[in-house]
Structure formats: C-alpha cells, structure tokens
Protein chains: 2
Amino acid sequence: MSLTDVIEGTRQATAADPANAQVSFSVANTLVPGTATAVEVRVRDHRFAVDEPAPLGGTDTAANPVEYALAALGSCQVITYQFWAAKLGIPLEQVKVTVDGDLDLHGFFGFADTRPGFTDVRITVELAGPADAADYEKLKQQVDEHCPVLDLFRNPTPTSTTLAQLTG
Amino acid sequence: MSLTDVIEGTRQATAADPANAQVSFSVANTLVPGTATAVEVRVRDHRFAVDEPAPLGGTDTAANPVEYALAALGSCQVITYQFWAAKLGIPLEQVKVTVDGDLDLHGFFGFADTRPGFTDVRITVELAGPADAADYEKLKQQVDEHCPVLDLFRNPTPTSTTLAQLTG
C-alpha cells in the first residue's frame with residue numbers, strides 16, 4: 001500500500017469516527033540480570049538491547065537511552081518527510097537526518113542543579129530529489145509542524161510515574 | 001567497574017574541570033532505498049532498524065519512532081534507578097519499567113490542529129529488593145529528578161532544524 005493510500009485510508013477512517021485516530025503504544029524495559037546497565041526492550045514482536053558505554057558503567061552492547069531518543073527523533077523526521085512528500089505531491093528520492101545532542105552530566109549524577117536532559121539538539125536534514133528548493137522548504141515546514149517526536153522534544157508532554165510493586 | 005566507582009570517578013573528573021561533564025551524542029538516520037518507511041540508524045559502532053507497521057505504510061521490520069521514544073524513556077528509567085540506588089546505597093535486585101503512550105493521529109496526518117506528539121505517557125516501575133518501601137519511594141524521587149529522558153519528555157528542549165543539502 002502506497003503512503004498516499006495510507007493517508008487517504010486514514011483520512012476516511014478518522015472522518016468516519018475520530019476515535020479511530022486514538023492509538024496507544026506500549027514498551028517493556030527490563031534490566032538484564034547480573035548486569036549494571038543492560039536493558040532488554042520488548043515492543044510488540046520486536047526485541048532490542050540498550051546499554052551504556054564503559055565510561056558510564058556499561059559493557060557497550062548497544063546504544064544508550066539518550067542515543068535512542070535522538071534516533072527516535074531522526075527516524076521520525078525521515079518517515080514524516082516521506083509521508084508529507086507523498087501528501088504534498090513533492091518528489092523525494094532520498095532522506096538522511098543526522099541528530100546531534102549535547103548533555104551536561106552534572107544533571108544526571110546530581111553534582112549540580114542543571115537539567116539532566118539535553119541542553120541543545122541540532123537536526124540536519126539532507127534531501128535528494130528533482131523538486132526545487134522552494135518545494136523542499138515548504139515540505140520542511142510541514143514536517144516540522146507534524147513530526148510526533150519533534151513535538152515531544154519541543155514541548156512538554158504530560159507524564160505520570162507509578163511504583164507498581166515493591167518486594168520488600 | 002562498579003557504578004559506585006563510575007559515580008566517584010565522574011565526580012572527581014567534573015570537579016577537576018566542569019567541562020568534563022559536557023558530552024555530545026550523534027545519530028545518523030537514513031531511509032533504506034526502495035522502501036517507504038524503513039530507516040537504518042547508525043550510532044557509534046551500533047546499527048539498528050526503525051520501521052512502521054503495515055497500517056502506517058511500513059513492513060514492520062522493527063519498532064517505530066514513537067515506540068523507540070518510549071523505549072528511550074523506559075530504559076533511561078531502568079539505568080537511572082541502577083545509578084541512584086548505587087549512589088544512595090539502597091539495595092536493588094531487579095528493575096522493570098513499562099511505558100504506555102497515547103497519540104492522536106489527527107496531528108501527524110494534519111487532519112486536525114491537534115499536537116502530533118504524545119498526549120499522555122504513563123510510566124509503571126516495578127522494583128524488587130530487600131529495602132523498605134520508604135527507601136524505594138526516596139529512590140523514585142531522585143530518579144524522577146535526574147533521569148535525562150524523563151526530563152526530555154517533561155520539559156521543552158531547544159532544537160534547531162537545518163536543510164543542509166538540496167539536490168534540485
């Protein structure tokens with residue numbers, strides 16, 4: 001099914017009942033027993049690993065959480081470029097997105113009262129295709145308004161945390 | 001190296017020169033040629049895939065970007081529990097963190113003026129260990145103040161996007 005078909009099918013489904021646009025995602029993250037920082041992630045039928053490099057106490061079997069956060073952003077940009085190019089009818093042959101993020105470790109370790117998260121994130125988008133520069137600028141504007149993970153980075157998201165089980 | 005050693009080593013290094021706490025991460029995300037939504041991610045020596053399920057135009061070879069964002073949050077919680085348990089001297093034998101996120105697809109598709117990102121995120125933490133409930137509540141407070149990806153979800157992060165290359 002082409003992205004244009006997906007867009008039109010979703011438009012019809014959500015117009016018929018707005019509740020069809022309400023979706024939920026769930027992810028389970030478990031410490032690998034006997035390790036300091038290795039985490040097994042399960043998402044639907046998919047599995048992947050998270051770890052820390054040696055200077056942060058891990059064995060570097062996989063990327064770390066903040067790198068996965070940047071990958072979520074970069075891959076979301078790539079896919080949102082694909083969808084909005086299809087929606088706007090702008091031909092696009094290749095998309096590459098590099099994401100760089102700065103972080104001050106004082107925050108994570110509690111050594112100073114600085115924020116533990118990223119202090120600055122830079123997104124560099126490389127596009128290839130036959131459309132003119134003005135069309136790609138228009139595409140970029142729409143992508144940056146509609147990219148779910150860019151929204152997550154730019155704006156506060158309501159979160160709640162619960163300690164569900166304590167084995168004392 | 002134990003997490004306690006990592007914490008003490010980082011404390012000394014950042015006390016000697018605060019600039020030692022400034023770290024940067026970089027992630028490259030490239031559309032797999034010939035696919036609609038498959039993305040190859042490169043982070044240091046690590047590689048992984050991102051894709052969409054069929055209803056969102058993909059071939060479901062991997063989790064999608066918003067699931068990776070939830071995994072970044074959940075795995076960051078797991079690892080921050082490990083570090084802060086070590087820092088506070090609270091024994092902790094197992095950590096599992098489930099993250100659920102709701103999203104309204106009207107935003108991504110531009111069918112309505114709703115935010116494209118998560119509208120609500122719920123984090124459920126399961127801990128096992130011999131400490132008492134009050135200690136684990138104290139641990140949770142410190143984790144929620146110092147978890148880098150929870151900070152990313154809760155607060156705005158400065159971002160900039162650049163179109164670096166246009167092949168017209």
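Predicted model: local features only at pLDDT ≥ 70, side-chain atom pairs only at ≥ 80, totals over all residues.
Me: Through which surface do the copies meet?

Reply: Look at the interface residues on each side. Of those in chain A, 99% are also interface residues in chain B, so the copies meet through the same surface.

Me: Now inside one chain. How is chain A divided into domains?

Reply: Domain 1 of chain A covers 1-62, and domain 2 covers 64-155. Taken over C-alpha atoms, their centres are 17 Å apart.

Me: How many residues of domain 1 of chain A are in contact with domain 2 of chain A?

Reply: Eight residues of domain 1 are in contact with seven residues of domain 2 in chain A. On the domain 1 side, α1(A) gives the largest share, three residues. By class, that side has five nonpolar, one polar and two charged residues.

Me: At what angle do helix α1 and helix α2 of chain A pack?

Reply: Read the angle and the axis distance together. Helix α1 (residues 3-16) and helix α2 (residues 65-88) of chain A pack at about 80°, and their axes are 9 Å apart. An angle of 65 to 115 degrees counts as roughly perpendicular, so α1(A) is roughly perpendicular to α2(A).

Me: Which residues meet there?

Reply: From α1(A) come A:Leu3, A:Thr4 and A:Ile7. From α2(A) come A:Gln82, A:Phe83, A:Ala86 and A:Lys87. By class, this contact has four nonpolar, two polar and one charged residues.

Me: Take one residue, A:Val50. Is A:Val50 buried or exposed?

Reply: Count neighbours. A residue is buried if 20 or more other C-beta atoms lie within 10 Å of its own. A:Val50 has 26 C-beta neighbours inside 10 Å, so A:Val50 counts as buried. In chain A, A:Val50 is found in strand β3 (residues 46-50).

Me: What does A:Val50 touch, leaving out residues up to four places away in sequence?

Reply: Within chain A, A:Val50 touches A:Val39, A:Val41, A:Ala62, A:Ala63, A:Asn64, A:Pro65 and A:Tyr68. From chain B, A:Val50 touches B:Ser75.

Me: And what separates the C-alpha atoms of A:Val50 and A:Glu67?

Reply: Along the chain, A:Val50 and A:Glu67 are 17 residues apart. Their C-alpha atoms are separated by 9.5 Å.

Definitions and conventions:
Residues numbered from 1 in each chain as written. Chains lettered and ligands numbered in written order. Helix = DSSP H or I, 4+ residues; strand = E, 2+ residues; numbered from the N terminus. Buried ≥ 20, exposed ≤ 12 C-beta atoms within 10 Å, placed from the backbone. Contact = placed C-beta atoms within 7 Å. Axes fitted to C-alpha atoms, helices over the stretch in contact; angles between N-to-C directions. Parallel < 35°, antiparallel > 145°, perpendicular 65-115°, else oblique. Nonpolar A, V, L, I, M, F, W, Y, C, P; charged D, E, K, R; others polar. Domains from an automatic or database assignment.
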